[in-house]
Amino acid sequence: LCRSGDLLRAYRNGGQLRALARQVIEVDNEAGLRQVLREYRQREMLRISFRDLLHWNDLQQTTHELSWLAEASLETALGVLSRWQEKERGRPCDEKGRTQSLVVLGMGKLGAWELNYSSDIDLIFTYPQEGETRGGRMKLENSEYFTRLGRRLINALDAITVNGFVFRVDMRLRPFGESGPLAMSFDAFEEYYQTHGREWERYAMVKARVVAGDRRHGVQLIESLRPFLYRRYIDFGAFESLREMKLLIERQVARKGMAHNVKLGAGGIRKIEFIGQAFQLIHGGRRERLRQRPILKILQALVEEELLPGYVVAGLSEAYIFLRNTEHRLQIWRDEQTHNLPSDDAGRARLALSMGCADWKTFSKKLAVYRRKVDSHFR
């Protein structure tokens, strides 16, 4: 890392994709692909962590680089696997013979360029049109073709090998959840949201973004869902659903063991995200500034649209940055998927130091102030 100079510079979008593309040129099997992806992930996690701990990257740069790493891994793996599968099974085509490609939608933190060090990546697989393969030994329906490709893509990233994993993949946000098809055509996808779409799915789709595959058609798909996501007028119908979601969050906070959780506990990250997305669902149809994905940009838009006072947004934004940095320090240690504050003296000292505080007492006081502020605004 030092010799390459990569440790000393902030990345721009696209750099990781180009680096990975060079590394997979000679790869000719899935075991080799998994190894390259995992070794590159370890290198980049070390680099991003190092820059983060030395405050060379701010929170936005860190989350962007983590999200770009996920996108580069997805795009690289999908490109290689698609080429291999076409040779094995033929080209998936629509009825007019036009080649079809998989569209990978990133949800949640990946969609908003807000990944943390241990985020699962929430994905949805879809493709433009039904049809069947051409040029292979036997014909396959596009649905079967893309389901097989989707499974191979998940395995390339999610499977645990001697080199670890790249990202944990979660497909439960797709239409009909775990019981639904792994990949779905655009027509079926749009029909689902028009017929079965629920308020919590609107909440989830607000951050949806094309992260790999056929980006041109994918952007058109997301645009077609805009009427479902953002109602043209103030959406009074969303109020009851938002109340229910808010109540669920409050119940989660009240559970045993949540007091030390910086994401789900009192005054945690989840509450700040809810505040922003609630305004998006109610007012996003008429106020274009609210149709953004990153929470800090949404909060700023709430001031500009005069939906929240400046001091409230300033407090929430500052708290969000502090809480997310805390979350990152917890996860960098041992590469653990955790949001819980440490209970041992060494862990507390380490966290306090990495957050720029002299000791645990100083850090705890600072954290408590932020959490009380978030809790007050959430209520």
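**Close-up views of side-chain contacts in a predicted model**

**Figure 1. Arginine 47 and tyrosine 11.** Arginine 47 is placed over the face of tyrosine 11, 3.4 Å from the ring centre. A charge is taken to sit over a ring if NZ of Lys or CZ of Arg is within 6 Å of the ring centre and within 35 degrees of the ring normal. Arg47 also belongs to a network of salt bridges that links Asp6, Arg9, Arg43, Glu44, Arg47 and Glu65. A salt bridge is a side-chain nitrogen of Lys or Arg within 4 Å of a carboxyl oxygen of Asp or Glu. The model is predicted: local features need pLDDT of at least 70, side-chain atom pairs count only at pLDDT 80 or more, and totals for chains, interfaces and linings use all residues. Residues are numbered from 1 along each chain as its sequence is written, and side-chain values use heavy atoms, with hydrogens and water left out.

**Figure 2. Arginine 291 and tyrosine 230.** The charged end of arginine 291 sits over the ring of tyrosine 230, at 5.7 Å from the centre of that ring.

**Figure 3. Salt bridges elsewhere in the model.** The whole structure contains 30 salt bridges. Aspartate 94 is bridged to arginine 98, with 2.8 Å between the closest N and O atoms. Aspartate 94 is buried at 3% relative accessibility, whereas arginine 98 is partly exposed at 43%. Buried means under 20% relative accessible area, exposed over 50%, and partly exposed in between (1.4 Å probe, protein chains only). Another salt bridge joins arginine 172 to aspartate 170, whose closest N and O atoms are 2.6 Å apart; aspartate 170 is buried, at 11% relative accessibility.

**Figure 4. The salt bridge between arginine 287 and glutamate 305.** The closest N and O atoms of arginine 287 and glutamate 305 are 3.2 Å apart. Arginine 287 lies in the loop between α11 (269-283) and α12 (295-304), and glutamate 305 in the loop between α12 and α13 (310-332), so the bridge ties together parts that are 18 residues apart in sequence. Helices (H or I, at least four residues) and strands (E, at least two) are DSSP runs, numbered from the N terminus. Arginine 287 is partly exposed, with 26% relative accessible area, and glutamate 305 is buried, with 19%.

**Figure 5. Aromatic pairs.** The structure holds 12 aromatic pairs. In one of them, the rings of tyrosine 192 and tyrosine 193 have centres 5.1 Å apart and planes at 85°, so the pair is edge-to-face. Rings of Phe, Tyr and Trp (its six-membered ring) pair if their centres lie within 6.5 Å; planes under 30 degrees apart count as stacked, over 60 as edge-to-face and the rest as tilted. Tyrosine 192 is buried at 2% relative accessible area, and tyrosine 193 is buried at 2%.

**Figure 6. Tryptophan 360 and phenylalanine 363.** The ring centres of tryptophan 360 and phenylalanine 363 are 5.3 Å apart and the planes lie at 35°, so the pair is tilted. The two residues are three apart in helix α15 (residues 360-378), and about one helical turn separates them. Tryptophan 360 is buried at 19% relative accessible area, and phenylalanine 363 is buried at 0%.
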